[in-house]
Amino acid sequence: MTIDKTQIRNAATVIVLRDRHVTPHILMGQRGAKAAFMPNKFVFPGGAVDATDAQVPLAAPVNTLCHGRLCDDAEPSLAHAIAVAAIRELWEETGLVLGRKGAWEGDVPADWRTFAATGHLPDASALQFVFRALTPPGRPRRFDARFFLVDAEDIASDPDDFDAACDELSHLQWVPLSRARSFDMPFITEVVLAEVAARARDTNPPASVPFFKNNDEESLFLRLHGRPMTG
């Protein structure tokens with residue numbers, strides 16, 4: 001099946017936060033020079049939701065609060081697929097496992113065979129939904145991206161072992177949060193970084209989630225559940 005690259009695609013991005021109470025670091029990598037979307041930029045691991053993500057079982061879903069925010073201004077059935085995509089993209093692009101020990105039942109989807117081989121089931125319970133952004137019109141790719149924050153302590157594998165990563169992101173590294181903005185990154189990544197910095201030492205999921213909504217008519221900065229941001 002051919003994917004229409006001009007259509008808005010749902011996507012998931014994962015911000016892994018390490019040493020959050022002492023010297024917070026975040027995991028970032030650099031996109032390739034020939035990438036159609038954000039070439040050469042330093043970004044968080046993430047990517048588009050695949051059609052098969054909706055059928056992948058989770059050992060545990062996202063928490064109730066985050067699930068409610070994911071369903072706001074979106075099709076409720078998407079919440080599961082987006083959480084699955086976040087775990088899959090984190091695995092594919094970094095080789096890090098967000099899961100719990102367990103055996104898969106039945107056939108393992110092709111995209112998940114290497115993950116399953118680690119002896120884990122995908123577990124979304126540690127994901128915190130912290131930001132949503134819709135790519136502005138006129139870009140070569142447009143995504144409705146949900147950004148998740150996860151503590152490195154909840155990663156089941158060695159946080160310094162990127163050997164299983166694909167080659168989509170290079171220069172994977174733990175970047176001190178205090179100097180992350182010195183890297184060449186997209187504008188929206190800078191905006192998300194400010195949100196992460198503000199809650200780096202807060203382990204609770206946010207009560208409301210910023211939504212940078214760029215559509216053909218206007219750009220809105222909302223708070224899910226749709227309340228305009230103030231201050």
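1. A starting point on terms: two strands pair if DSSP finds at least two bridges between them. With that in hand, Leu134 stands opposite Asp144 in β8. Please keep in mind throughout that this is a predicted model.

2. How many of the residues of strand β8 are buried? The count is 10 of the 10 residues, 142-151, so the strand is largely enclosed by the rest of the structure. In a regular strand the side chains alternate between the two faces of the sheet. Here Arg142, Asp144, Arg146, Phe148 and Val150 point one way, while Phe143, Ala145, Phe147, Leu149 and Asp151 point the other way, and all are buried.

3. Now for the partners of β8. Strand β1 (residues 8-18) pairs with β8 in the parallel sense over 10 bridges, and Ile15 stands opposite Leu149. Strand β7 (residues 128-134) runs antiparallel to β8 and is joined to it by 6 bridges.

4. A search of the whole structure finds 7 aromatic pairs. Among them, Phe42 and Phe183 have ring centres 4.9 Å apart and planes at 80°, so this pair is edge-to-face. Phe42 lies in strand β3 (residues 42-43) and Phe183 in the loop between β9 and α4 (187-198), so the pair ties together parts that are 141 residues apart in sequence. Phe42 is buried at 11% relative accessible area, and Phe183 counts as buried at 15%. Phe129 and Phe148 form a tilted pair, with 5.8 Å from centre to centre and 45° between the planes. Because Phe129 lies in strand β7 and Phe148 in strand β8, that pair links parts 19 residues apart in sequence. Phe129 is buried at 1% relative accessibility, and Phe148 is buried at 0%.

5. Some other ring arrangements deserve a look in the viewer. Trp91, Trp104, Trp112 and Phe115 form one aromatic cluster. Arg18 lies over the face of Trp174, at 4.9 Å from the ring centre. The charged end of Arg132 sits over the ring of Phe211, 4.2 Å from its centre.

6. Leaving aside neighbours within four places in sequence, Arg88 is in contact with Ala48, Val49, Asp50, Asp53, Asp111 and Trp112. With Asp50 there is a polar contact between the two side chains, at 3.5 Å. Arg88 and Leu98 are 10 residues apart in sequence, and their C-alpha atoms are 8.8 Å apart.

7. Helix α1 can be followed from one end to the other. At its start, a side-chain oxygen of Asn63 reaches to within 3.0 Å of the backbone nitrogen of Leu65. The buried residues of α1 are Cys66, Arg69, Leu70 and Cys71, and what covers them includes α2, β7, β8, β10 (209-214) and β11 (219-224). Just after α1, Asp73 takes a positive phi of about 55°. Asp73 lies in the loop between α1 (64-71) and α2 (78-94), and at 40% relative accessibility counts as partly exposed.

8. His171 lies in strand β9 (residues 169-176) and is exposed, with a relative accessible area of 51%.

Conventions: Residues numbered from 1 in each chain as written. Predicted model: local features only at pLDDT ≥ 70, side-chain atom pairs only at ≥ 80, totals over all residues. Heavy atoms only, no water. Helix = DSSP H or I, 4+ residues; strand = E, 2+ residues; numbered from the N terminus. Buried < 20%, exposed > 50% of the residue type's maximum accessible area, 1.4 Å probe, protein only. Contact = heavy atoms within 4.5 Å. Polar contact = N/O pair within 3.5 Å; in protein donor to acceptor, adjacent residues only side chain to side chain. Phe/Tyr/Trp six-rings, centres within 6.5 Å; stacked < 30°, edge-to-face > 60°. Lys NZ or Arg CZ within 6 Å of the ring centre and 35° of its normal.
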